Amino acid sequence: MQTNKTFENIPELLNNTRDLPTPFLLIDQSKIKRNLEILKHVKDQTGCKILLAQKAFSCFNLYPLISQYLDGTTASGLYEAKLGHKHFGGETHVFAPAFKNEDLTELTKITNHIVFNSIAQLKKHYQTAKKAGMHIMLRVNPEHKTQSGDIYDPCAPKSRFGVRAADMTPEVMQMLDGLHFHTLCQQNVEPLIETFQAFEQKFGKFLNNPLKTPSHPPLVFNFGGGHHITREDYDVKKLITFINEVKNKYRCDIYLEPGEAVVLNSGYSVATVLDIVENQIQTAILDTSAMCHNPDILVTGHDYTPPVFGAENIELNSSKVNIRLSGNSCMTGDIIGDYNFKTRPKVGDRIVFGDTALYSTVSWNTFNGIPIPHIFTKTLDGKIQTIRVPNYFDFESRLGT
Ligand SMILES: Cc1ncc(COP(=O)(O)O)c(C=O)c1O
C-alpha cells in the first residue's frame with residue numbers, strides 16, 4: 001500500500017547508493033525509529049506490551065535498535081524463537097499450528113509464552129509447558145470476518161487457525177493463562193474493536209474463571225498482529241482508548257504482536273534493468289525476481305504488487321501499461337507487475353521498489369540459483385553499512401554438504 005511515506009527522500013537515496021551492487025534491500029533505521037516511537041507511545045499510554053512478529057522481519061542486526069522500544073519477540077516456531085532469544089532478549093513468545101515433542105523440549109528453555117492452536121495440542125504439551133513455568137495460551141477463532149479476501153484471513157471459512165467457541169470448555173479455560181487471537185491484516189483500529197466485541201460475545205462466558213480472582217495472576221489477552229499502527233491514517237488515539245477500556249473491564253495484561261507496523265515504509269529494494277524484450281508489450285528483465293525476492297506477489301495472484309518510484313501500479317494487462325517488470329528466473333509467471341512510468345526505463349536503469357523491508361528477507365529463496373539480494377542499512381547518523389553480501393554458498397549450502 002503506497003502512502004506519502006513510501007518514497008520519502010528517494011533522489012537522495014539513489015544518489016547515495018549509486019555504487020552499491022544490485023539487487024539490494026536498504027533498511028533505513030531512522031524510519032524504523034519513527035515507527036518505534038509511535039509504538040512506544042501506545043505502550044506508555046496503555047501499559048500494554050508490544051512484541052516484534054519476526055515472521056515479518058528477522059534482520060537481527062536491527063534488533064539492538066528495536067529492542068530499545070519493544071518488549072520482546074514472537075516466533076512462528078523453534079528457529080525464530082532461537083533467533084529472538086539470542087539477538088533480541090526480552091520476552092520470547094511462540095505460536096505454531098502444531099508443535100513437535102522435540103521442539104517443545106528446546107522451546108521450554110528459551111520462551112516465556114507458548115500459544116497452542118488446538119485443544120489436542122494444549123493437552124498433549126500441557127505438562128511439559130507447565131513444568132517449565134511457561135505462560136500457557138490458546139489461540140481462539142472469534143469467527144468474525146473483517147477482510148474481503150480469504151488468503152490472509154484466519155477467520156475465513158474452514159480456517160485451520162484457533163479454537164472456536166463451540167469447542168471451548170470451562171475445563172480447558174482453567175488450564176490457561178490467557179487467550180490469543182490473530183485475525184487482522186494491514187488494518188485500522190475499528191476491525192480490532194469489532195473483533196474484540198465478537199470475541200467477548202463468544203468467549204465472554206469463559207472469562208469468568210478462577211484466574212480473574214485477585215489471588216491469581218491477571219488474564220493475558222494477545223490481540224495478534226495485522227495492526228497497521230504506524231500508517232499515517234491509523235487512529236492511534238482510538239487504539240489507546242480501546243486498550244485502556246479493556247484493561248479497566250478485565251484484570252488483564254494485553255499484548256500486541258505487529259510485524260509490518262514495526263518496519264512499515266522503512267525499506268527499499270533496488271534492481272537494475274538487464275534487458276527489455278518486446279512481444280505485444282515491453283517487458284523489462286530485472287536482476288531480481290518475484291519468485292525469489294517477493295513471492296507475495298505470486299501468492300496473491302498480483303493483488304499485491306510493490307510500489308515503484310516514478311511509476312503508477314496498474315492492473316496486469318491493463319491498456320495503460322508502458323512497461324512490465326519481470327524477474328530473471330525461468331518461470332513464465334515471474335512477473336513483478338505492470339506499470340505506467342513517467343519516463344520509461346532503459347537497460348541499465350535502476351528501479352526502486354518501496355516498502356520492501358516487511359515479509360521480504362524472511363521469504364527470499366534461491367530458485368534457479370538466483371542470488372539473494374545484498375542487505376544494507378542506513379544508520380541513524382546517515383552512514384550506509386553492509387549487513388549481508390550474498391554468495392554462491394547461500395545456494396550450495398541448502399542443497400547438500
Ligand atoms: C499469529 C500472528 N501474529 C502476528 C502476525 C504479524 O502480523 P503483521 O505482520 O501483519 O502485523 C502474524 C502474521 O501473519 C501472525 O500470524
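What follows is a chat about the labels and the values behind them.

Modeller: Before we start, this is a predicted model, where local features need pLDDT of at least 70, side-chain atom pairs count only at pLDDT 80 or more, and totals for chains, interfaces and linings use all residues. Residues are numbered from 1 along each chain as its sequence is written.

Biologist: Fine. Why is Asn-265 called buried?

Modeller: Buried means that 20 or more other C-beta atoms lie within 10 Å of a residue's own, exposed means 12 or fewer, and partly exposed is in between, with C-beta atoms placed from the backbone. Asn-265 has 28 C-beta neighbours inside 10 Å, so it counts as buried. Asn-265 sits in the loop between helix 10 (260-263) and strand 11. Its phi is near 55°, a positive value in a residue other than glycine.

Biologist: What about Phe-88 and Phe-181, buried or exposed?

Modeller: For Phe-88 the count is 23 C-beta neighbours inside 10 Å, so Phe-88 is buried. Phe-88 lies in the loop between helix 4 and strand 4 (91-95), and its C-alpha is 9.2 Å from that of Leu-62, 26 residues apart along the chain. Phe-181 has 25 other C-beta atoms within 10 Å, so Phe-181 is buried. Phe-181 is in the loop between strand 8 (178-180) and helix 8. Between the C-alpha atoms of Phe-181 and Asn-222, 41 residues apart along the chain, the separation is 6.3 Å.

Biologist: On to the helices. How do you know how helix 8 and helix 9 are oriented to each other?

Modeller: Under 35 degrees counts as roughly parallel, over 145 as roughly antiparallel, 65 to 115 as roughly perpendicular and the rest as oblique. Helix 8 (residues 189-207) and helix 9 (residues 236-249) pack at about 20°, with axes 10 Å apart. Helix 8 and helix 9 are therefore roughly parallel.

Biologist: And what makes helix 4 and helix 5 roughly parallel?

Modeller: The axes of helix 4 (residues 78-87) and helix 5 (residues 101-110) come within 10 Å and cross at roughly 20°. That is why helix 4 is called roughly parallel to helix 5.

Biologist: What is the handedness of the crossing of helix 4 and helix 5?

Modeller: Left-handed. A crossing gets that label if the near helix is turned anticlockwise from the far one by less than a right angle, and right-handed if clockwise. The crossing of helix 8 and helix 9 is left-handed too.

Biologist: Now strands. How do you know which strands strand 3 pairs with?

Modeller: Two strands pair if DSSP finds at least two bridges between them. Strand 2 (residues 49-53) and strand 3 run parallel and are joined by 3 bridges, with Leu-51 partnered by Gly-72. Strand 3 and strand 4 also run parallel, joined by 4 bridges, and Ala-75 has Val-94 as its bridge partner. In strand 3 (residues 72-75), Gly-72 and Thr-74 point one way and Thr-73 and Ala-75 the other, and all are buried.

Biologist: What makes strand 16 a partner of strand 11?

Modeller: There are 5 bridges between strand 11 (residues 267-279) and strand 16, in the antiparallel sense. Tyr-268 stands opposite Gly-354 there. In strand 16 (residues 350-354), 4 of the 5 residues are buried.

Technical notes:
Helix = DSSP H or I, 4+ residues; strand = E, 2+ residues; numbered from the N terminus. Axes fitted to C-alpha atoms, helices over the stretch in contact; angles between N-to-C directions.
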